[in-house]
Amino acid sequence: GDEFLVFMPGCSTQRAGEFAVHLTTLFRQHVRTVLPAELEVAVARFLPGHESGLSLKGLPRSAVAVALAPDGRQVFATDGENVRVWDAEQGALLRTIAVREVKLKALVIAPDGARLLWGGEGAPPQVIDMETGRPILSFQRHPGSVSALAITPDGRRALAGGSDRVVRLWDLETGQLVQSFT
């Protein structure tokens, strides 16, 4: 497949700015967005290798969600069925995290880098242990599909929004609903 450059504003809860990631896609068109000159230094700081055209291969279909580890060393992407993890500097595929019972639409990394929060269709949002790749917490009272996720900078709470048009604030330690925004 062809390659394209994607910008991800706010993909890390600890760092502001934009990050560049090359992803493989099945599209036949070749699309390339040029990084604005004033962002060149910022992107190079957070994602070494972008300037050399480093590309991350391994997704069998187009990416539907991407995230960057808080330390900037790993890139995460999903095509909805699996999560792939690459070394951000070398571009090497490090691992694939199997996804069961859900078609992913959103993912975010906790500030401690030890947990991944994902959501989509078919199951409530889940907190995944990065070391094992297994769910450690599920937000059971979240109806409908999830299309947007965020984690607070302290890693204690998460926001989830989706098809029911309600944004919910969750406690990441207990899995309890804290508040709903309608």
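1. Asp 79 is buried, at a relative accessible area of 5%. The model is a predicted one, and this applies to every point in the note. The cut-off for a buried residue is under 20% relative accessible area, so Asp 79 falls in that class with its 5%.

2. What does Asp 79 pair with? Its partner in a salt bridge is Arg 61, and the closest N and O atoms are 3.2 Å apart. Arg 61 is partly exposed, with a relative accessible area of 33%, whereas Asp 79 is buried. The pair also belongs to a network of salt bridges in which Arg 61, Asp 79 and Glu 81 are linked.

3. The count of salt bridges comes to seven. Another of them joins Arg 115 to Glu 173, with the closest N and O atoms 3.8 Å apart. This pair links distant parts of the chain: Arg 115 is in strand β8 (residues 115-121) and Glu 173 is in the loop between β13 (167-171) and β14, 58 residues apart. Buried or exposed: which applies to Arg 115? Arg 115 is buried, at a relative accessible area of 13%. Glu 173, by contrast, counts as exposed, with 58% relative accessibility.

4. Arg 168 and Asp 164 also meet through their side chains in a salt bridge, at 2.7 Å from N to O. Arg 168 is buried, with a relative accessible area of 9%. Asp 164 counts as partly exposed at 27% relative accessibility.

5. Strand β4 (residues 74-78) is mostly covered, as four of its five residues are buried. On one pairing, β4 is joined to strand β3 (residues 65-68) by four bridges, and the two run antiparallel. Within this pairing, Val 66 has Ala 77 in β4 as its bridge partner. The two strands form a hairpin with five residues between them, and Gly 72 in the turn has a positive phi of about 75 degrees.

6. β4 also pairs with strand β5 (residues 82-87), in the antiparallel sense and over five bridges. Here the bridge partner of Thr 78 is Val 83 in β5. The hairpin of β4 and β5 has three residues between the strands, and Gly 80 takes a positive phi near 105 degrees.

7. In what order do the strands of the open four-stranded sheet run? The order is β11-β12-β13-β14, with antiparallel pairing. β11 (146-151) and β14 (177-181) are the edge strands, each pairing on one side only. On average, and with direction ignored, neighbouring strands of this sheet are turned by 20 degrees against each other. Five bridges join β11 to β12; in that pairing, Val 146 has Gly 162 in β12 as its bridge partner. In general, strands of a sheet pair through backbone hydrogen bonds, either parallel or antiparallel.

8. Which residues form the nonpolar patch on the surface? They are Leu 159, Val 167 and Phe 181, with about 210 Å² of accessible area together. Leu 159 has its place in strand β12 (residues 157-162) and is partly exposed, with a relative accessible area of 32%. Val 167 lies in strand β13 and counts as partly exposed as well, at 35% relative accessibility. A residue needs over 30% relative accessible area to join a patch, so Leu 159 passes at 32% and Val 167 passes at 35%.

9. Val 167 can be checked through its surroundings. Leaving aside neighbours within four places in sequence, Val 167 is in contact with Leu 159, Ala 160, Gly 161, Gln 179, Ser 180 and Phe 181. That list includes Leu 159 and Phe 181, with which Val 167 forms the nonpolar patch. Ser 180 is 13 residues from Val 167 in sequence and 5.9 Å away in space, C-alpha to C-alpha.

Technical notes. Residues are numbered from 1 along each chain as its sequence is written. This is a predicted model: local features need pLDDT of at least 70, side-chain atom pairs count only at pLDDT 80 or more; totals for chains, interfaces and linings use all residues. Side-chain values use heavy atoms; hydrogens and water are left out. Patches are made of residues with over 30% relative accessible area and no salt bridge: like charges are joined within 9 Å, nonpolar side chains (Val, Leu, Ile, Met, Phe, Trp, Tyr) within 5 Å. Accessible areas come from the Shrake-Rupley method with a 1.4 Å probe; for residues, only the protein chains shown count as cover. A salt bridge is a side-chain nitrogen of Lys or Arg within 4 Å of a carboxyl oxygen of Asp or Glu. Buried means under 20% relative accessible area, exposed over 50%, partly exposed in between (1.4 Å probe, protein chains only). Two strands pair if DSSP finds at least two bridges between them. Axes are lines fitted to C-alpha atoms, for helices over the stretch in contact, and angles run from 0 to 180 degrees between N-to-C directions. Contact means heavy atoms within 4.5 Å.
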